[in-house]
Amino acid sequence: MEEKIKVKEKFNIPVTILLFLGLITIAFPLYMTIVIAFKQPSEMTNSISGILSLPKHWSFSNFAEAMRVTDFWRSLLNSVLITAVTVVLSVVLHSMIGYAVGRNKARKKWYNLVYMYVVSGMFVPFAILMMPLVKQTAQMGIANIFGVILCYVVFYMPMNLMLYSGYLVNIPIALEEAARIDGATTFRTFWKVIFPIMKPMHATVAVITALSVWNDVMTPLVIMSGSGINTLPLAQMSFQTQFGTNYNLAFASYLLALLPILIFYIVCQKQILNGVVNGAVK
Amino acid sequence: MKKMNNKERTFALMTIPILILFFAFNTLPLIKGFVYSFTNFKGYGTYDYVGLRNYMDLFTDGRVGNSYLFTIKFAILTTIVVNVISLILALALNSKIKFKSALRGAYFIPNILGALVVGYIFNYFFTYIVPAVIDMMGGKGTSILASTKWAWIAIVIVCAWQAVAMNTIIYISGLQTVPEDVYEAGAIDGATGWQRFKHLTFPLIIPFFSINMVLCVKNFLMVFDQIVALTKGGPAQSTESISYLIYNNGMSGGQFGFQSANAVLFFIIIVLFSVAQLTITGKKEEQL
């Protein structure tokens, strides 16, 4: 038995090597982005080596210029604001409706209907909501960041309701009964007992919602079109004409747009991977 | 009894306001879209109800037909490519390799990056790098993004590059649910390699296979960002996805009513695809 375990622990070196070689497909586009972002247009001859060689001087001038042209800090702030507020609202509101619906849908038809109604919203493509939503948000005077956030809170509700009410099955109802005997109201029970216990699901919901919102283009594109308000990805689109054929400037801007999420991923890789897997598999 | 009522009321209060919000920004625009689909609304000015004319026109409009053909062709090919690659990658990343968690982490990177920016980066790659490599090898390199025949393959590649990351992670979590003794029992029966995968591993991860299929088909049918960044629907509208066409012609092309009808049709197709997939994979799971 001892020996068998030892044999099993042997590493599969050929597969490891193949996997490292495969990483080139991921590393190459990123490498290309970095070297082009640091170069000057004069270094970009039309040959491969001109484009892909390391820059002669690592200059940050492209980045300074890109920040100025795309109003980087403003776009970053908008992206952070939209993502953060959406995540907070989603965690609070979706866990609340998830609790109310999840606890009652087995006993009450009405709550089961609410569940089916909201969850079936998952099949509604944005394409069909897009045009009416543009009219609607304009009429309501919220063709701005606030309107975009409201849309997101609604768009991610079906998925998050499913996640929260699914997670509730693991929480024994005895906990709530105990709280009630102690005189806590239903809302207090939710806020003080259930909400903290749902913490692992909050992490999952926060990660999935944040990643989707941060990278989304279509919603802010249509809702805030003409308002001049940019998010980080949207700015890359809005300033395509300003970049022109100055690819060094464009790539510096792309790199700046990718950097926040890359840093976030490096810092919280484990939480992100867990969150994404939980969200998809549950 | 009083207490009971209080509890009911609180639950209702927790549900109804959020439900109203959902109605206002999901169901209401859905209904409006449906209503607009029976009008000749341009997006501005006045409009008349035209009955089913938009729907009849949908089936004779060449541009709409092409966008459906392209989108469905694209979604099917990308789904196959992504699932084959991610299954192989997941098997490799789940085997006894060195630097396992670092490798898994690295292979997931494409998934967290924004599709639009990734698209712009690949746009440059297909426009300048690939032709230059072909030139170097003695060929005459042109950008595949400029070819009506091949531009869609570029979109497949870019979408696959990102989607493989997600599907791999889901397959890995599936592979981890396969108990080791299943393999040991299989080894006694002499199952190795492909046999082992076909008869032992794959049947056990079918639920994860269905998740991936549903995720893939739905996401790829709705493809938008990559189209904006790579081709803008060109050349000659050969890569115009349904979402892109609805966005482009509905928002600024004066076809608000007509594209609403297109969106309704698109919605029905998404529902049909999802229901069909869930039934097929549901049956497969039952058989086990």
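These legends walk through several close-up views of a predicted model.

The model is predicted, so local features need pLDDT of at least 70 and side-chain atom pairs count only at pLDDT 80 or more, while totals for chains, interfaces and linings use all residues. Residues are numbered from 1 along each chain as its sequence is written, chains are lettered from A and ligands numbered from 1 in the order in which they are written, and side-chain values use heavy atoms, with hydrogens and water left out.

**View 1. The second largest pocket holds about 760 Å³ of space.**
A pocket here is an open set of points on a 1 Å grid over the protein atoms alone, with protein on both sides within 12 Å along at least five of seven lines, and lining residues have an atom within 4 Å of a point. Grid points are joined across faces, edges and corners, and a volume is the space filled by probe spheres set on the points. Of the 23 lining residues, B:Asn94, B:Ser95, B:Lys96, B:Tyr183 and B:Arg196 are the closest to the centre of the second largest pocket. The elements that give two or more residues to its lining are α1 (2–8) of chain A plus α3 (62–94), α7 (180–188) and α8 (193–204) of chain B. (Helices are DSSP runs of H or I with at least four residues, numbered from the N terminus.) By class, the lining has 10 nonpolar, 6 polar and 7 charged residues. Nonpolar covers Ala, Val, Leu, Ile, Met, Phe, Trp, Tyr, Cys and Pro, charged covers Asp, Glu, Lys and Arg, and polar takes the others, Gly among them.

**View 2. The largest cavity has about 70 Å³ of space.**
What's a cavity? It's a set of grid points where a 1.4 Å probe fits but cannot get out. A search of the whole structure turns up 5 cavities of 30 Å³ or more. Lining the largest cavity are A:Trp214, A:Asn215, A:Leu232, A:Pro233, A:Ala257, A:Leu258, A:Ile261, B:Gly114 and B:Val117. Which helix gives the most to this lining? That's α17(A), with 3 residues. The lining divides into 7 nonpolar, 2 polar and no charged residues.

**View 3. The second largest cavity has a volume of about 50 Å³.**
Its lining includes A:Ser79, A:Tyr152, A:Trp214, A:Asp216 and A:Pro233. Here α6(A) gives the most, with 3 residues. Sorted by class, there are 6 nonpolar, 3 polar and 1 charged.

**View 4. The largest nonpolar core has 193 residues.**
Such a core is a set of buried Ala, Val, Leu, Ile, Met, Phe, Trp, Tyr and Cys residues joined through side-chain atoms within 4.5 Å. Buried means under 20% relative accessible area, exposed over 50%, and partly exposed in between (1.4 Å probe, protein chains only). Among the members that touch the most others are A:Leu19, A:Ile272, B:Phe108 and B:Ile112. Helix α6 (residues 151–175) of chain B gives the most to this core: 17 residues. Leaving aside neighbours within four places in sequence, A:Ile272 is in contact (heavy atoms within 4.5 Å) with A:Val207, A:Leu211, A:Phe264, A:Tyr265, B:Phe108 and B:Ile112.

**View 5. B:Phe122 and B:Phe125 form an aromatic pair.**
Rings of Phe, Tyr and Trp (its six-membered ring) pair if their centres lie within 6.5 Å; planes under 30 degrees apart count as stacked, over 60 as edge-to-face and the rest as tilted. The structure holds 45 such pairs over all chains. This one is edge-to-face, at 5.8 Å centre to centre with 80° between the planes. B:Phe122 and B:Phe125 are separated by about one helical turn because they sit 3 residues apart in helix α5 (residues 115–136) of chain B. B:Phe122 counts as buried, at 6% relative accessibility.

**View 6. One aromatic cluster takes in residues of chains A and B.**
Its members are A:Phe243, A:Tyr247, A:Phe251, A:Tyr254, B:Tyr120, B:Tyr124 and B:Tyr128.

**View 7. The loop between α10 (225–230) and α11 of chain B holds B:Pro235.**
Most residues other than glycine have a negative phi, and most peptide bonds are trans. The bond from B:Gly234 to B:Pro235 is cis, though, with omega near -10°. B:Ala236 is found in that loop too, and its phi is positive, near 55°. At 69% relative accessibility, B:Ala236 is exposed. Helix α11 (residues 242–251) of chain B is mostly covered, with 8 of its 10 residues buried.
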